[in-house]
Amino acid sequence: MPRSAHNISRRQISENALKVLYRLHKSGYKAYLVGGGVRDLLLGLEPKDFDVVTNATPEEIKKLFRNCRLVGRRFRLAHIVFGRDVIEVATFRGHHEQGNEKTSKANASGRLLRDNVYGSIDEDAERRDFTVNALYYDISDYSIRSYGGGLQDLNAGVLRLIGDPEKRYREDPVRMLRAVRFATKLDMQLDEATAAPIRDLAHLLSDIPAARMYEEVLKLFFSGKGEANYHMMQDFGLFRPLFPLLHNGIKENPKGSLARMVQMVMSNTDARVQQDKPVTPAFFYAALLWYPLRTRAEEIAHESGLNLYDASFAAMGDVLEDQCRTISIPRRFTAPARDIWQMQLRFDRSQNTRAFKLQESPKFRAAYDLLLLRGEAEGGNVAKSANWWQSFVGADDELKSTLAKSGGKAPRRRNRNPRRRRRPTGESNGENSKPQAD
């Protein structure tokens with residue numbers, strides 16, 4: 001597609017990406033903007049990042065850019081660093097079968113463990129996951145090259161895998177999550193052949209390193225499409241391998257507090273993203289795992305004889321350890337998640353003068369937000385506690401003092417002029433009084 005036939009302008013491409021493209025081109029290498037950046041520009045969306053592909057090897061790229069660092073073992077990539085902006089540059093991929101033991105390796109299920117086979121642009125396009133991502137913007141003449149019917153699928157709103165879907169999913173099971181994410185993000189329908197194998201292969205996600213899954217979860221649920229992604233993942237059986245604790249709890253009680261909490265967390269996170277409000281993995285995981293934590297605490301209390309308060313502290317490590325087997329949550333988020341949980345245990349005990357000190361805690365706002373969600377999910381005493389704290393947080397200093405002194409109850413009014421109860425005639429005035437004679 002020549003420049004005159006498409007809507008992409010260099011003014012829409014980041015200055016740093018253009019610097020990389022031009023330097024590669026002027027050094028005698030092929031250089032293309034590729035994938036999501038091209039796709040989103042054609043759709044009139046603003047790309048989050050710009051990726052570059054070239055026929056230069058990672059070592060050759062490093063020689064051209066002093067600000068380059070080479071990363072990755074499974075896929076060797078070059079990162080060109082411009083302050084906080086990083087332009088990712090990949091070498092054209094070749095077919096896996098053309099490599100040797102040093103450049104390519106797969107496990108028994110077909111998942112690629114090492115893949116540094118280089119090839120041509122045609123081979124690279126065949127290695128792309130979806131046709132709508134096999135789009136290349138050529139910096140030499142500003143044309144677009146489309147492979148596998150990518151432009152047609154983009155116009156038709158169809159998401160289609162390149163090659164045999166089952167084989168491609170086995171090569172990299174994360175492609176199943178990417179299928180869900182792109183379908184909701186781009187408002188596209190999954191091609192029938194692309195969707196067919198997902199339910200049978202969903203279990204393969206259990207073999208993906210937990211560290212990689214952490215990044216994928218951020219993309220799925222912190223993009224403003226978390227609720228849609230959640231429901232689609234449930235439909236395809238993709239939620240269970242990532243969140244086994246949540247899956248088991250929801251399966252046991254599909255309309256219970258846990259199921260309601262997960263739904264609310266997803267919708268509330270979407271709302272915050274759309275309003276440009278901050279979202280944090282610490283609150284996200286603390287909210288999602290609150291009810292698994294309570295279940296584990298009850299088990300520990302029953303087994304050990306500890307009270308529920310102390311058992312909850314013991315359960316925190318167990319729940320986080322279980323979740324980190326599938327999604328490696330960094331300690332910088334698990335530590336504040338524990339703080340948010342601990343404050344849940346203090347809310348009921350602090351509906352008095354201790355409320356002032358609790359409100360000064362750095363994690364109070366996040367913990368308070370979780371309490372409100374719990375109140376909505378559970379009702380009952382939790383809702384009463386949430387209502388009290390809502391009144392306290394929104395009150396002025398005088399009313400806060402009144403609420404704190406009342407201990408969570410409405411202050412009792414004192415009757416200044418009590419009237420003595422008049423005793424009816426004939427009423428006994430003592431336990432040993434005898435009845436009058438006839």
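So, in what order do the seven strands of the open sheet run? Reading across, we get S3-S4-S5-S2-S1-S8-S9, and the pairing is mixed. Keep in mind, everyone, that this is a predicted model.

Let's start at the edges. Those spots belong to strand S3, residues 68–71, and strand S9, residues 144–146. Each of them has a single partner strand, so one side of each is left without a neighbour in the sheet.

Quick reminder: strands of a sheet pair through backbone hydrogen bonds, either parallel or antiparallel. If you want a pair to click on, Val71 has Leu77 in S4 as its bridge partner.

Now, what lies across the sheet strands? Helix H1, residues 15–26, lies across S1, S2, S4 and S5, and it runs at about 35° to S5.

Okay, on to a pair of helices. The axes of H14, residues 257–274, and H20, residues 364–378, come within 9 Å and cross at roughly 130°. That angle is why we call H14 oblique to H20. The crossing of the two is right-handed.

Who's touching whom? On the H14 side we have Ser257, Arg260, Met261, Met264, Val265 and Asn268. H20 brings Leu370, Leu373, Arg374, Glu376, Ala377 and Glu378. Sort that contact by class and you get six nonpolar, two polar and four charged residues.

Terms used
Residues numbered from 1 in each chain as written. Predicted model: local features only at pLDDT ≥ 70, side-chain atom pairs only at ≥ 80, totals over all residues. Heavy atoms only, no water. Axes fitted to C-alpha atoms, helices over the stretch in contact; angles between N-to-C directions. Helix = DSSP H or I, 4+ residues; strand = E, 2+ residues; numbered from the N terminus. Parallel < 35°, antiparallel > 145°, perpendicular 65-115°, else oblique. Left-handed = near helix turned anticlockwise from the far one by under 90°. Contact = heavy atoms within 4.5 Å. Nonpolar A, V, L, I, M, F, W, Y, C, P; charged D, E, K, R; others polar. Pairing = 2+ DSSP bridges.
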